[in-house]
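Me: I am new to this structure and would like to go through parts of it with you. Could we begin with how the helices pack?

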Amino acid sequence: MMLSPEILQKYNSPAPRYTSYPTVPLWENTLQSESWEDLVKKAFQHFGMEEGISIYIHLPFCESLCTYCGCNKRITRNMDVKAPYIEALLTEWKKYIELFDEKPKIAGIHLGGGTPTFFDPANLHDLISSILKDSEQMPNVEFSFEGHPNNTTFAHLKTLNDLGFDRVSYGIQDFDEQVQTAIHRIQPFEKVKYATDSARILGYTSINYDLIYGLPHQTLESLTDTFRKVQSLRPDRIAFYSYAHLPSAFPSQRSFEKFLPTEKEKRALYETGKALLLEMGYEEVGMDHFALPNDPLYIAKLDGNLHRNFMGYTTLPSKILIGLGASSISDIYYAYAQNEKVIEKYQSEVLKDNWTIQKGHELSDLDIQVRGIILDLICKQQAEIPIEIWEEFTETQIWNLKEMEWDGLISIETTNLSMSDEGMSFIRNICAQIDLRLAANQSKKELFSKTI
């Protein structure tokens with residue numbers, strides 16, 4: 001069903017991606033190192049041995065700047081930065097090992113960045129083998145990494161595959177040369193094909209492409225051409241993200257802002273891309289994510305076993321995600337903590353045997369309830385909302401939910417809320433109406449504006 005222009009315009013407003021609840025800007029930042037240690041121990045005792053733990057490792061270095069990028073990164077060609085950073089990562093990991101009652105069981109490892117393949121295969125071997133030496137592995141362990149097609153070599157893929165990695169995600173963004181030039185991400189189709197074919201030859205069971213809509217110079221024609229090229233390579237999963245224009249935080253984005261599509265054009269790009277993906281045989285998993293029908297991610301959605309954390313959608317049930325490295329975020333169910341973003345400060349503090357928590361949040365019982373509701377909506381398209389939560393909603397939230405029901409995006413039966421297929425296009429907007437902290441923050445702003 002095609003959504004009407006009126007509905008598209010009505011709900012064309014920004015909303016969080018909900019990789020956490022509360023979202024990072026609304027964390028209370030009252031978490032201390034001592035309480036973090038106690039909460040990590042508590043989470044490990046409650047969930048660690050049965051579900052295992054997941055590990056996210058942030059590798060922030062890149063050799064050149066992709067001007068669209070909003071990630072925490074350091075642009076450098078100095079290869080001497082590698083060894084000290086890996087030393088800091090392993091020192092931080094040892095601090096966690098000391099908190100666990102038993103040898104941890106690893107449910108998954110993901111290498112993100114930056115550009116993880118900035119590091120040599122030998123560097124990555126030393127890092128991962130050291131972590132695995134201090135742990136055991138769960139039966140259905142998943143190891144994945146983000147690769148840049150331009151510098152992901154056969155040796156990278158082979159080394160990581162030998163260590164148990166069988167999933168790789170390539171940042172494609174767009175195949176159009178004019179778009180690539182504007183965002184300083186030149187990677188010919190042949191490079192992407194080589195990286196994809198190499199992974200398949202080595203036995204990688206899942207290949208993901210990241211694609212972005214809303215980039216400078218993108219048109220419906222150029223996007224369609226990109227998707228036809230993607231179709232010829234047939235990745236197992238596709239993440240189709242909205243470009244986030246934040247030039248105040250990332251000044252390099254100003255270099256192309258006059259060439260960005262309008263909001264109406266951007267929405268048309270999304271609708272066209274989604275239609276092409278469905279036509280190509282991909283199924284919508286959830287927010288920004290698509291997968292082939294036989295992919296474990298889509299099967300997990302059908303079975304009701306889909307999960308979501310800071311790494312996006314996952315089949316891993318682990319409630320503990322340990323983030324290692326500068327700017328990385330840990331989610332231990334009871335609390336969130338983000339590491340220091342500045343690499344030198346992160347390394348210095350870790351090597352002094354200190355935690356480097358820059359910001360954090362300990363979840364209240366109410367937070368945990370609301371998070372569960374939002375995760376159910378994101379992963380299952382429906383959620384049971386207890387009466388005590390309905391009673392917390394503001395009049396504005398209730399009214400917005402009723403409007404969404406009238407517009408056919410959701411249905412509400414007693415305390416059950418479910419999303420229609422049309423509502424999936426506005427999943428973030430729907431979740432925002434369940435977000436008690438966002439509503440409270442907006443009320444404070446309105447009150448403040450009325451008193452000045």
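Reply: One term comes first: a crossing is left-handed if the near helix is turned anticlockwise from the far one by less than a right angle, and right-handed if clockwise. Helices (H or I, at least four residues) and strands (E, at least two) are DSSP runs numbered from the N terminus. The model is a predicted one, in which local features need pLDDT of at least 70, side-chain atom pairs count only at pLDDT 80 or more, and totals for chains, interfaces and linings use all residues. Residues are numbered from 1 along each chain as its sequence is written, and side-chain values use heavy atoms, with hydrogens and water left out.

Me: Is the crossing of α3 past α11 left-handed or right-handed?
Reply: α3 passes α11 in a left-handed crossing.

Me: At what angle do the axes of α3 and α11 cross?
Reply: The axes of α3 (residues 82-99) and α11 (residues 343-351) cross at roughly 50° and come within 9 Å. Axes here are lines fitted to C-alpha atoms, for helices over the stretch in contact, and angles run from 0 to 180 degrees between N-to-C directions. That angle makes α3 oblique to α11; angles under 35 degrees count as roughly parallel, over 145 as roughly antiparallel, 65 to 115 as roughly perpendicular and the rest as oblique.

Me: Which residues of α3 and α11 meet?
Reply: On the α3 side they include Tyr-85, Ala-88 and Glu-92, and on the α11 side they include Ile-343, Tyr-346 and Leu-351. Contact means heavy atoms within 4.5 Å. The residues of this contact divide into eight nonpolar, two polar and two charged. Ala, Val, Leu, Ile, Met, Phe, Trp, Tyr, Cys and Pro count as nonpolar, Asp, Glu, Lys and Arg as charged, and the others, Gly among them, as polar.

Me: And how do α4 and α5 cross?
Reply: The axes of α4 (residues 121-133) and α5 (residues 154-162) come within 9 Å and cross at roughly 15°, so the two helices are roughly parallel to each other. α4 passes α5 in a right-handed crossing. In α4, Pro-121, Leu-124 and His-125 meet Ala-155, His-156, Thr-159 and Leu-160 of α5. This contact has four nonpolar, three polar and no charged residues.

Me: What about α7 and α8?
Reply: Their axes come within 11 Å and cross at roughly 25°, with α7 covering residues 189-202 and α8 residues 220-233. α7 and α8 are therefore roughly parallel to each other, and α7 passes α8 in a right-handed crossing.
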